[in-house]
Amino acid sequence: MRPILFILCLLAGAGSVSAQSEELVARMTEYCAKVPQERIYVHTDKACYAAGDTIWFRAHLVDAATNKPISRSRFMNIELYDRSADTLVNRMIVRCDSDGVFANAVLLSRKLYSGLYTLVAYTQWMRNFSADDFFYKPLLILGNGPLRAPVIKSDSQQTLSTGDAPTLSGNADILLNAYQRGNHIYIPSPQGNLRGSLLVVYGNGQIMTFTPQEGKVNRIDVSKFGGGSVNIALVRADSLTVIAEQSLQLKDTSSPIVSISSTATTEAKSPMTVDFSMTNADGSPLRAICSVSVTDYNVVKPDTIQPDIKAYLHRAPAGLQSGHTLQDMLTGNYPAIQYGFQTCQTITGSIRGTWRKHLKNPKLLFVNTRMGQQFEFELGDSSRFSVIVDNPENSTFVLQGARKNGSTAFVELDVDPQTFPQPHLPQPSKRVMGLREAREFAAQSHDQQRYSRIGAIELPEVVKESKAKRNQNYARMEARRSLQEGDSRIENAVSMRALLHALGIYTESIDGEERFRPWDVGKCYVDNYHETDDQYVLNIVPSDVKSIEYFTPNDPQNTLFGVRADQRGRIPGVLFIFLKDGSEYLRKATSKDVLSMAKVQQLGYRYQRKFWSPQYPEADKSQYTRPDSRTTLYWNPKVTTDDTGHASVTFYSSDVSKQYLVTIEGVAADGTIISQRKVISPPPTSPLGGGF
């Protein structure tokens with residue numbers, strides 16, 4: 001859904017909107033509709049981690065012009081960089097759920113070194129613009145060795161602030177001097193020749209135009225823009241040329257009211273409930289899907305240097321990302337769009353002749369080894385293909401190009417590689433956790449890791465002897481007849497003909513060439529690759545064979561492998577041959593076979609992980625002898641308020657926590673930003689703790 005621009009045009013001394021003003025508004029509206037912008041904010045359960053810990057996160061994707069949650073992009077890239085070594089540590093793809101929520105977890109290796117790291121988030125659509133607009137969040141990770149100084153490149157320095165200072169640009173003789181006082185924005189008409197000019201105020205999806213008059217001060221209600229940053233520009237109406245422009249950071253005067261209360265307790269391993277109440281500034285209930293974290297405040301302190309979700313989304317520029325100015329909007333200077341909104345994952349490529357010759361009506365065989373599915377596509381007169389795939393992590397796909405008649409001779413299959421952009425890592429803050437705090441946090445975190453990680457109790461490593469795998473065909477179906485690895489008939493066979501005779505497979509001479517009988521073998525696969533050359537299969541050396549699976553004729557399940565019944569109703573058999581080294585097939589195959597097929601393993605999306613929190617429901621706590629030293633006691637990326645604006649979460653206290661930091665962040669459907677922190681202290685230290 002494209003962002004909507006609400007148009008408010010006010011012309012002093014005029015009863016109707018001028019033609020120039022209408023044209024200006026129309027061009028801005030058209031530009032924002034054709035080039036909508038996305039902005040990401042990532043909420044993590046805490047700002048500091050230990051090696052072996054888990055980063056729980058929720059990525060809030062909003063329209064950059066209105067701050068309203070959007071789901072045009074269904075996939076998001078999350079990356080973790082080690083600033084001290086200037087290297088990529090982790091990369092993953094997150095798919096949003098049915099509610100448009102991007103949430104998952106990054107598992108940190110126990111071998112990480114101590115230092116400053118940067119979490120990066122971006123969508124495919126955001127790659128059309130500057131990498132400066134990606135989301136960057138510095139994180140401190142305590143691991144092996146002392147803290148190291150980060151690598152800072154002179155050409156990639158960037159700082160994050162809670163608000164940018166007003167900037168002036170344009171004609172030095174005509175300056176804008178807008179300011180906020182109370183609940184209003186005041187825009188004095190600039191000095192100079194103002195004939196044929198317009199004042200334009202835009203931001204947060206709103207546009208307002210004025211005809212400037214010398215000596216007059218225009219006043220605008222701040223609530224019409226909802227806080228954040230707005231741009232004020234003086235534009236020559238006839239040529240739509242920007243004369244001067246200013247960015248103004250507004251003080252929000254209509255923040256929602258978020259209250260946090262808790263039934264905190266001093267007793268270890270006891271239930272706790274945190275209640276949330278949200279209302280708009282006018283007192284009406286506020287509905288939103290928020291992310292909530294509860295951490296041990298004694299060892300986990302918030303990073304007050306970095307902006308929260310409200311400060312981040314309210315930063316300038318308002319509605320426009322770097323490199324795109326008002327002048328671009330008015331002159332129709334559209335950026336080059338290379339990447340679309342990623343609503344699905346695809347595998348793309350082309351099928352050509354080996355000398356780059358065009359093939360007429362080529363075919364593409366596509367095998368999903370995870371799902372046991374096989375498809376055959378006819379490309380018509382096009383050599384390009386794009387296959388939509390369900391691609392979770394560690395999925396493998398097999399593709400093979402062929403001519404119209406099924407021959408793979410002199411056919412070349414090219415699969416487009418998966419690419420990723422180079423981020424512009426910001427200059428990290430010099431502020432780091434104190435030595436004493438770092439030691440306390442690391443000690444408590446490592447103590448907890450000895451007992452659990454993602455809900456699993458860690459046990460000493462056990463060496464498990466592997467067994468021969470059965471049913472290796474891509475459908476993982478059990479064959480009627482088979483020769484498994486180690487079978488003496490494989491070791492003693494003198495030829496493939498003799499070996500296949502043991503399974504009831506025979507050959508016949510057709511046009512002077514020995515071939516399988518059509519009803520015996522309708523399709524043959526070698527290492528799950530479709531092989532059309534019977535001569536190649538019959539010339540395989542039996543000692544290279546690891547196992548054979550044979551689906552006998554007239555079995556309806558054979559149709560899963562792409563065979564069909566003949567005119568007499570007979571269903572051919574299907575043969576699978578697996579070599580001792582799967583790659584041996586590619587080594588032995590001729591150049592024409594190697595070029596026509598590809599094994600594709602792209603980076604797929606990661607299945608969502610659910611935060612594990614221990615439960616201690618029994619009244620007698622003496623049976624729970626395992627110590628509980630969690631630094632993150634509760635994490636939930638989807639806490640939804642009801643019609644009254646209320647929500648509550650329940651979890652159990654640990655053995656060591658005495659104070660709890662509760663953080664809730666989110667964006668309502670209308671763009672209202674929710675951000676609240678509170679420190680909860682159980683009695684008798686404090687009735688409910690102090691606000692943060």
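1. Lys46 sits in the loop between E2 and strand E3 (48-50). This is a predicted model, so the points below describe computed geometry. Is Lys46 buried or exposed? Its relative accessibility is 5%, and since under 20% is the cut-off for buried, Lys46 counts as buried. Leaving out residues up to four places away in sequence, Lys46 touches Asp53, Leu139, Thr295, Val300, Phe441, Thr631 and Thr632.

2. Now the overall picture. The protein has 692 residues, and 52% of them count as buried. It contains nine helices and 38 strands. Take the contacts between residues at least 6 apart in sequence: 72% of these join residues at least 24 apart. The exposed surface comes to about 32100 Å². Carbon and sulfur atoms supply 49% of that surface.

3. The largest nonpolar core has 40 residues. Those that touch the most other members are Ile40, Val42, Met76, Ile78, Leu80, Leu108 and Leu313. Several elements give two or more residues to this core, among them strand E2 (38-44), strand E4 (54-63), strand E5 (75-82) and strand E6 (87-95). Strand E7 (102-107), strand E8 (115-122) and strand E9 (135-142) are also on that list. So is helix H2 (309-313). In soluble globular proteins, nonpolar side chains tend to be buried together.

4. What does Met76 touch, apart from its neighbours within four places in sequence? The contacts are Ile40, Ala59, Leu61, Met92, Ile93, Val94, Phe102, Ala121, Tyr122 and Thr123.

5. Helix H1 covers residues 19-34, which is 16 residues. From first C-alpha to last, H1 reaches 22 Å. That is close to the 22 Å expected at 1.5 Å a residue. Which residues of H1 are buried? They are Ser21, Leu24, Val25, Met28, Tyr31, Cys32 and Ala33.

6. Strands of a sheet pair through backbone hydrogen bonds, either parallel or antiparallel.

7. E11 and E12 are joined by three bridges. Gln180 has Ile185 in E12 as its bridge partner. The hairpin of E11 and E12 has two residues between the strands, and Gly182 takes a positive phi near 70 degrees there. Strand E12 (residues 184-188) is joined to E15 by five bridges, again antiparallel. Here His184 is partnered by Asp221 in E15.

8. A further open sheet also has three strands, ordered E24-E21-E26 and paired antiparallel. Strand E24 (384-389) and strand E26 (411-415) stand at the edges with a single partner strand each, so one side of each has no neighbour in the sheet. The twist averages 25 degrees from one strand to the next. Strand E21 (residues 345-353) pairs with E26 over five bridges. Within that pairing, look at Ser350: it stands opposite Asp414 in E26.

9. Asp527 lies in the loop between strand E30 (523-526) and strand E31 (529-531). With a relative accessible area of 12%, Asp527 is buried. How far is Asp527 from Phe578 in sequence and in space? The two are 51 residues apart in sequence, yet their C-alpha atoms are 4.9 Å apart.

10. Two asparagines deserve a look at the backbone. Most residues other than glycine have a negative phi. Asn361 has a positive phi of about 55 degrees although it is not a glycine. Asn361 is in the loop between E21 and strand E22 (363-368). Its relative accessible area is 23%, so Asn361 is partly exposed. Asn554 also has a positive phi, of about 65 degrees. Asn554 lies in the loop between strand E32 (545-551) and strand E33 (574-579). At 51% relative accessible area, Asn554 is exposed.

Conventions:
Residues numbered from 1 in each chain as written. Predicted model: local features only at pLDDT ≥ 70, side-chain atom pairs only at ≥ 80, totals over all residues. Heavy atoms only, no water. Helix = DSSP H or I, 4+ residues; strand = E, 2+ residues; numbered from the N terminus. Buried < 20%, exposed > 50% of the residue type's maximum accessible area, 1.4 Å probe, protein only. Contact = heavy atoms within 4.5 Å. Areas by Shrake-Rupley, 256 points an atom, 1.4 Å probe, with all protein chains shown as cover. Core = buried A, V, L, I, M, F, W, Y, C linked by side-chain atoms within 4.5 Å. Pairing = 2+ DSSP bridges. Axes fitted to C-alpha atoms, helices over the stretch in contact; angles between N-to-C directions. Expected span 1.5 Å × (residues − 1).
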